[in-house]
Amino acid sequence: MTMIVAMTPVLELRGAIPIATANGLNLWVAIGISIIGNMIPVPFIIIFIRKIFEWMRKKSDGLNRLVTRFEQKAEKHKKTVLKYEFWGLFILVAIPLPGTGAWTGALVAAMMDMRLKSALPAIFLGVTAAGAIIAFLTYGVTVMA
């Protein structure tokens, strides 16, 4: 279940780690499974998202509007990533706030035509950093309770 939650957009590992530990999973196991789960969709997003968006645009006006929103979200973060390249993508993914994360990082990388071998290490390090931050917050909260 932890891996599936980590694979979903929005929740990603930011939701998976607290949910897993709240359900009794060891923190270190939760971190590892969450990182793996969060990374699984990334290469597919980078490689296929443009074709998926093209297909969605043709299907309906509602899907076209959804694609437009995703593209606007990516465009919003694109300047930062372009300015700082590897580290910009890393920071975008590492900050555990809504609207950031592996899905957004992969979307931005795809919109910028970044090569998989350039984007994956930055996204992986960002996911790992986000996992460390969330684990620290989760562990701190559980100790305080």
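Mentor: We start with pockets. A pocket is an open set of grid points with protein on both sides within 12 Å along at least five of seven lines. Keep in mind that this is a predicted model.

Trainee: How much space lies in the largest pocket?

Mentor: About 350 Å³. The pocket is lined by 17 residues. Closest to its centre are Pro 9, Phe 70, Lys 73, Trp 103 and Leu 107.

Trainee: Which elements give two or more residues to that lining?

Mentor: Helix 2, helix 4 (41–59), helix 5 (61–84) and helix 7 (102–111) do. Helix 4 gives the most, with 5 residues.

Trainee: How does the lining of the largest pocket divide by class?

Mentor: There are 11 nonpolar, 3 polar and 3 charged residues.

Trainee: How many cavities of 30 Å³ or more does a search of the whole structure find?

Mentor: The search finds 1. The volume of this largest cavity is about 40 Å³.

Trainee: Which residues line the largest cavity?

Mentor: Helix 2 (12–22) gives the most, with 3 residues. Helix 8 (116–144) also supplies at least two. The lining consists of Glu 12, Leu 13, Arg 14, Asn 38, Val 93, Gly 101, Ala 102, Val 127 and Ala 130. By class, 5 are nonpolar, 2 polar and 2 charged.

Trainee: Let us turn to the helices. How is a packed pair described?

Mentor: Take helix 2 and helix 3 (residues 27–39). Their angle is about 150 degrees, and the axes lie 9 Å apart. Angles over 145 degrees count as roughly antiparallel, so helix 2 is roughly antiparallel to helix 3. The crossing of helix 2 with helix 3 is right-handed.

Trainee: Which residues of helix 2 and helix 3 meet?

Mentor: Helix 2 brings Glu 12, Leu 13, Ala 16, Ile 17, Ala 20 and Thr 21. From helix 3 come Leu 27, Ala 30, Ile 31, Ser 34, Ile 35 and Asn 38. This contact has 8 nonpolar, 3 polar and 1 charged residues.

Trainee: At what angle do helix 6 and helix 7 cross?

Mentor: Roughly 150 degrees, with the axes of helix 6 (residues 86–94) and helix 7 coming within 8 Å. These helices are therefore roughly antiparallel to each other. Their crossing is right-handed. Leu 89, Leu 92 and Val 93 in helix 6 meet Ala 102, Thr 104, Gly 105, Val 108 and Ala 109 in helix 7. The contact of helix 6 with helix 7 has 6 nonpolar, 2 polar and no charged residues.

Trainee: Why are helix 5 and helix 6 oblique to each other?

Mentor: Look at the angle. The axes of helix 5 and helix 6 cross at roughly 135 degrees and come within 5 Å. Roughly antiparallel needs an angle over 145 degrees, and roughly perpendicular covers 65 to 115. Helix 5 and helix 6 are therefore oblique.

Trainee: Which residues meet between helix 5 and helix 6?

Mentor: His 77, Thr 80, Val 81 and Tyr 84 in helix 5 meet Phe 86, Trp 87, Gly 88, Leu 89 and Leu 92 in helix 6. By class, that contact holds 6 nonpolar, 3 polar and no charged residues.

Notes. Residues numbered from 1 in each chain as written. Predicted model: local features only at pLDDT ≥ 70, side-chain atom pairs only at ≥ 80, totals over all residues. Heavy atoms only, no water. 1 Å grid on protein atoms, 1.4 Å probe; cavity = no way out; pocket = protein on both sides within 12 Å on 5 of 7 lines; lining within 4 Å. Points joined across faces, edges and corners; volume = space filled by probe spheres on them. Helix = DSSP H or I, 4+ residues; strand = E, 2+ residues; numbered from the N terminus. Nonpolar A, V, L, I, M, F, W, Y, C, P; charged D, E, K, R; others polar. Axes fitted to C-alpha atoms, helices over the stretch in contact; angles between N-to-C directions. Parallel < 35°, antiparallel > 145°, perpendicular 65-115°, else oblique. Left-handed = near helix turned anticlockwise from the far one by under 90°. Contact = heavy atoms within 4.5 Å.
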